[in-house]
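Visitor: I am new to this structure. Please take one part of it and go through that part closely.

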Amino acid sequence: MREPYKATFPEGSTVRVIRRSALEKFARYWAYHHKLLPEQMEFGGVTAIVKEVTFYHGGDQLYVLENLPGIWNEPCLEPLRPETYHEHDLH
């Protein structure tokens with residue numbers, strides 16, 4: 001069981017936003033807090049650095065990413081695999 005209120009992706013870590021089709025599916029079915037904004041869809045597949053981590057009541061992880069709009073729910077992010085890391089992906 002995951003430790004409550006412990007971020008999967010700590011501040012300063014690099015993550016990848018899930019692909020656009022997965023973001024669209026998440027947006028269709030997510031019925032709770034912090035729904036995705038239309039402008040967030042443009043960032044599917046983009047890598048970014050975690051700027052801030054907060055938690056919704058109950059422990060849902062919420063992320064602010066450097067240079068990307070909105071608040072991101074944890075299911076919208078995935079770890080960046082070291083073998084696919086490219087410095088130019090960060091911006």
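This is a predicted model: local features need pLDDT of at least 70, side-chain atom pairs count only at pLDDT 80 or more; totals for chains, interfaces and linings use all residues.

Guide: The link is a salt bridge, in which the closest N and O atoms of Arg20 and Glu42 are 3.1 Å apart. Glu42 is exposed, with a relative accessible area of 55%.

Arg20 also meets Glu24 through their side chains, in a salt bridge of 2.8 Å from N to O. These two residues are 4 residues apart in helix H1, which means that about one helical turn separates them. Glu24 has a relative accessibility of 31% and counts as partly exposed. The structure holds 2 salt bridges, and a network of salt bridges links Arg20, Glu24 and Glu42.

Helix H1 covers residues 20-29, and its buried residues are Ala22, Leu23 and Phe26. Seen down the axis of H1, these buried residues fall within an arc of 105°, so they line one face of the helix. Among the parts that cover them are strand E1 (14-17) and strand E4 (72-73). On the face of H1 turned away from the buried side are the exposed residues Lys25 and Arg28.

How values were computed. Residues are numbered from 1 along each chain as its sequence is written. Side-chain values use heavy atoms; hydrogens and water are left out. Buried means under 20% relative accessible area, exposed over 50%, partly exposed in between (1.4 Å probe, protein chains only). The arc is that of the directions from the helix axis to the C-beta atoms. Contact means heavy atoms within 4.5 Å. A salt bridge is a side-chain nitrogen of Lys or Arg within 4 Å of a carboxyl oxygen of Asp or Glu.
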